[in-house]
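I opened my notebook to work through this structure one look-up at a time. Come along with me.

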Amino acid sequence: MAKKVAFLQGNEAAAQGALYAGCNFFAGYPITPSTEVAEVLSAELPKRSGKFIQMEDEIGAMAAVIGASLTGAKVLTATSGPGLSLKQELIGYACIAEVPVVIINVMRGGPSTGMPTGPSQSDVMAARWGTHGDHAAICLVPASVQELFEETVRAFNLAEKYRMPVFVMPDEIVGHMRERIVFPEPGELEVISRTAPSVPPEEYKPYDTRFGDVPPLASFGSGYRFHVTGLNKAEDGFPTTKAALVQAEEERQLRKVTANIDDIVTFEEYLLDDAEVAVVAFGSTSRSARFAVNELRKEGVKAGLFRIRTFWPFPDKQIAALGARVKAIITPEMNLGMCTSEVKRCVEGKAPVHGIFRVDGEPINPGQIAQKIREVL
Amino acid sequence: MAFEYDKYIRGGKLPHIWCPGCGHGIVMKGLIRAIDTLGLEKNNTAIVSGIGCASRLPGYMDFCTLHTAHGRAAAFATGVKMAKPEMNVILIGGDGDGTAIGGNHFIHACRRNIDMTYIIMNNNIYGMTGGQFSPCTPTGAKASTTPYGNPDPAFDIAKLAIGAGATFVARGTAYHANQIDKLIVEAVQHKGFSVVEILDDCPTTYGRRNKFKSVIEMMNRLKDIAVPVKAAEKMTPEQLQGKVLTGVLYKEEKPEYISEYAKVIERASKG
Ligand SMILES: Cc1ncc(C[n+]2csc(CCOP(=O)(O)OP(=O)(O)O)c2C)c(N)n1
C-alpha cells in the first residue's frame, strides 16, 4: 500500500508528529506563530481519548504538562518567544525534577513582542540558558515540514529517554511553510517510552542512581508513592542541602547529555569533502545556504554546507574538525550572531568565521550567502 | 484510643520545618483525619503544593506528592487531574502562594470547576521569606516590607473564590482544630473545585511585629473573630464588625470540568 502523502504546514506536521510519538496531553496558550500546533491537537487529541487544555497563560501550560507527565502521559506544549520567556522557571523545574516534556517554540522576532509574524532564529540561547542555574539542554532545529514531523517524534523519544525537557525550534518560515510530507507508517520510526521501575514500590526511589544516570520514572497513581520537588534533592526525591549529594546530583543531570552526545547530536554534511569554504547554517537559512552552494559549485567554487540539526548539544566535535580543514566558514543566521559565536568557540581561530546577520524579518537569501562566499575566497 | 496519625506520615521526614506556635501543623493533622474519614487510597491520592512554609506539607505525607514552584500548584494539579481523573487531588498552599503569584491560576481553577480541593493556609504574611506583606495582610499591619504599616487593601480569599466560580467554599481556623477535618471532608466529597481557607497564624514573622504578646494571644484572636455562618444569621452588621464567618460559606452544583471534557471526547470520537 502506498504511504499517506499530504500537503501540510510545518506546525500541522509538528502536531501530527506528536501524535505519532504517542502524545496524549497538550496544554498551551495561544501565540503566533505557533497556534496551529494547538489548533490541530485540540481537534485530534480528544478523538484518541487524549486531553487538550488551553490554560490561562504559558506558565500554567508548562505547569500542567509537567503535572500530566508525572502521571505517565506523553506531553507537549507549543509556544513562541514571549511564551517561552514565561515558561522558563518551570522549564528549570522539569530539568531538576527530571520530567519528560516536549516544548515546540516557533521562533519569531524578539525580544519582547518583537515581530509576531516575522521569522527569526534568535531563541536558541533562550533554549540553552533561559532558565536559571546549571542544567543540560536538548534543542532540535528542523528545516522542512517533513523534518518537523520527524524531529517532533525524536524530541519525544529524547525527552522520555533522558527524563528532561526537549525543545523543537523551527523558525517561523519552517513553522508556516507548506510542503509535501510523506507520513511514516506506524512502527517505521522508533517510538520510545520512559523506563518504568522494576523494583517493588517500597524500594522505589525516583532518582536511584543504581539504575544509571537516567533512573526509571514511576507514574503517580500506578502504585508507586514518591515525592517530587524543585529543590535540590537526594535520590529518594526529598530535599537535601548536603554538599556532596547536591554536587553529585547536578553533575549527573548534566552527564545525561554530555555522556550521550553522539546519540543526540545530528547534522548533515553536504559537499564538504573537497570544500574550501563551508557554510554552517540551520533551519530555513540552511535551505538558502544549500541553494547558494549549488549555484557556486556550477561556477567551480568549492563550497559546502554543514547543516546543524541538533543545536543543543552543539556539534562541537564536527565543527572543530571542519574549522581545521576549510579556508573559511560562513554563518548566516536570523539573529545577531548566536550561532556564529558557538562556531567560533569550536573552531578556536583555526579558520575565519564570517557571520551574516539579519533581524529585519526578511529571510536570508541565497544571493546574500553566495556574495559573502565570493568575498572571503 | 488516640488517632493514629503515623499511618499517613512518611517515616523519617519529621520533625517538620514549622516554628513553634505555627498553625500549619494543626491543618496537617486536620487533613490527615479528613483523609482517614474519607478513606482515600494513598496510592491514588496526589497532594500538590506551591512554595512557602505551608507548601512544605506534602513532603511529610505518605502519598503521591508534588512540591512545585511558587504559585503554580493549581496549574500543576490541573495537569495531574486531567491526565489521571481517577486520582484524588488535594492542593496545599499559603495565602501569598495562592493569591499573589498564583492568583491567576487560582481564579482560573475556580472558573473551570475541576474536581479538586484547595486548602489555603492564610497566615496573613509571607512566612518562608521572612514576613513580607501578602495580598491578605490587613491594611495598616506591619510586615518586613511595610515598616510604616501596610497601605494595600487585603483580599478576602473566600469571596475571591466564590466570585471566580468555585462551587464549594469553606473557612475555618487553626483554633477550631476539630472543625478542620469536617470542612475538608465535605470539600473533597463535593464534585467540583472546592476551596477551604484556614486562618492560622505566624507568630514568628507576623505576631512579633504586630505586638502580639504570645502564641496564645494570637490563637485567642482567632477564637474571638470567628463566627459560624449559622450564628451570623442572627447577628446585626454592628455585631459582625471585625468578625470573619466560618463554616461552609458557599455551595453550588455546576458542571464539573473533567465530566464536561469527557463529553468533548465523546463528540470528537463520533466526529
Ligand atoms: C518565583 C518566586 N518568587 C519568589 C519566591 C520566594 N518565596 C518563597 S516562599 C514565598 C512566600 C510564601 O508565603 P505564603 O505563600 O503566604 O506561605 P507561608 O510561607 O506563609 O506558609 C516567597 C515570596 C519564590 N520561591 N519563587
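**Entry 1: an arginine with two partners.** I began with B:D156, which is partly exposed at a relative accessible area of 31%. The model is a predicted one, and I kept that in mind throughout. I found the side chain of B:D156 in a salt bridge with B:R171, 3.0 Å from N to O. This pair links distant parts of the chain: B:D156 sits in the loop between β6 (132-133) and α6 (157-164) of chain B, and B:R171 in strand β7 (residues 168-173), 15 residues apart. B:R171 counts as buried because its relative accessible area is 6%, which is under the 20% cut-off.

I then saw that B:R171 also forms a salt bridge with B:E197, again with closest N and O atoms 3.0 Å apart. B:E197 is in strand β8 (residues 194-199) of chain B, 26 residues from B:R171. Both B:E197 and B:R171 are buried.

**Entry 2: a salt bridge in chain A.** Next I looked up A:D262 and A:K317, whose closest N and O atoms are 3.0 Å apart in a salt bridge. A:D262 belongs to helix α9 (residues 261-264) and A:K317 to helix α11 (residues 316-325), 55 residues apart. Buried or exposed, I wondered, is A:D262? A:D262 is exposed, with a relative accessible area of 56%, and A:K317 is exposed too, at 53%.

**Entry 3: where the chains touch.** I turned to the contact, which takes 39 residues from chain B and 40 residues from chain A. The two chains bury about 3,100 Å² between them, 61% of it on carbon and sulfur atoms. On the chain B side, B:N43, B:H67 and B:F76 lose the most area to chain A, together 16% of what that side buries.

I noted three salt bridges across this interface; B:K13 and A:D236 meet in a salt bridge at 3.4 Å, N to O. I also noted 16 residue pairs in polar contact between the chains. Helix α3(B) gives the largest share of the chain B side, seven residues. By class, that side has 18 nonpolar, 13 polar and eight charged residues.

Strand β9 (residues 227-229) of chain A pairs with β2(B) in the parallel sense over three bridges. There A:V228 stands opposite B:L66.

**Entry 4: an asparagine in a loop.** Last, I checked B:N113, in the loop between α5 and β4 (117-122) of chain B. B:N113 counts as buried because its relative accessibility is 2%. A polar atom of the B:N113 side chain lies 2.7 Å from the backbone nitrogen of B:F193. Beyond its sequence neighbours within four places, B:N113 is in contact with residues including B:T167, B:G192 and B:K254.

Definitions and conventions:
Residues are numbered from 1 along each chain as its sequence is written. Chains are lettered from A and ligands numbered from 1 in the order in which they are written. This is a predicted model: local features need pLDDT of at least 70, side-chain atom pairs count only at pLDDT 80 or more; totals for chains, interfaces and linings use all residues. Side-chain values use heavy atoms; hydrogens and water are left out. Contact means heavy atoms within 4.5 Å. Buried area is the accessible area (1.4 Å probe) that two parts lose on being put together, summed over both. A salt bridge is a side-chain nitrogen of Lys or Arg within 4 Å of a carboxyl oxygen of Asp or Glu. A polar contact is a pair of N or O atoms within 3.5 Å; within protein, one must be able to donate a hydrogen and the other to accept it, and residues adjacent in sequence count only if both atoms are side-chain atoms. Helices (H or I, at least four residues) and strands (E, at least two) are DSSP runs, numbered from the N terminus. Ala, Val, Leu, Ile, Met, Phe, Trp, Tyr, Cys and Pro count as nonpolar, Asp, Glu, Lys and Arg as charged, and the others, Gly among them, as polar. Two strands pair if DSSP finds at least two bridges between them. Buried means under 20% relative accessible area, exposed over 50%, partly exposed in between (1.4 Å probe, protein chains only).
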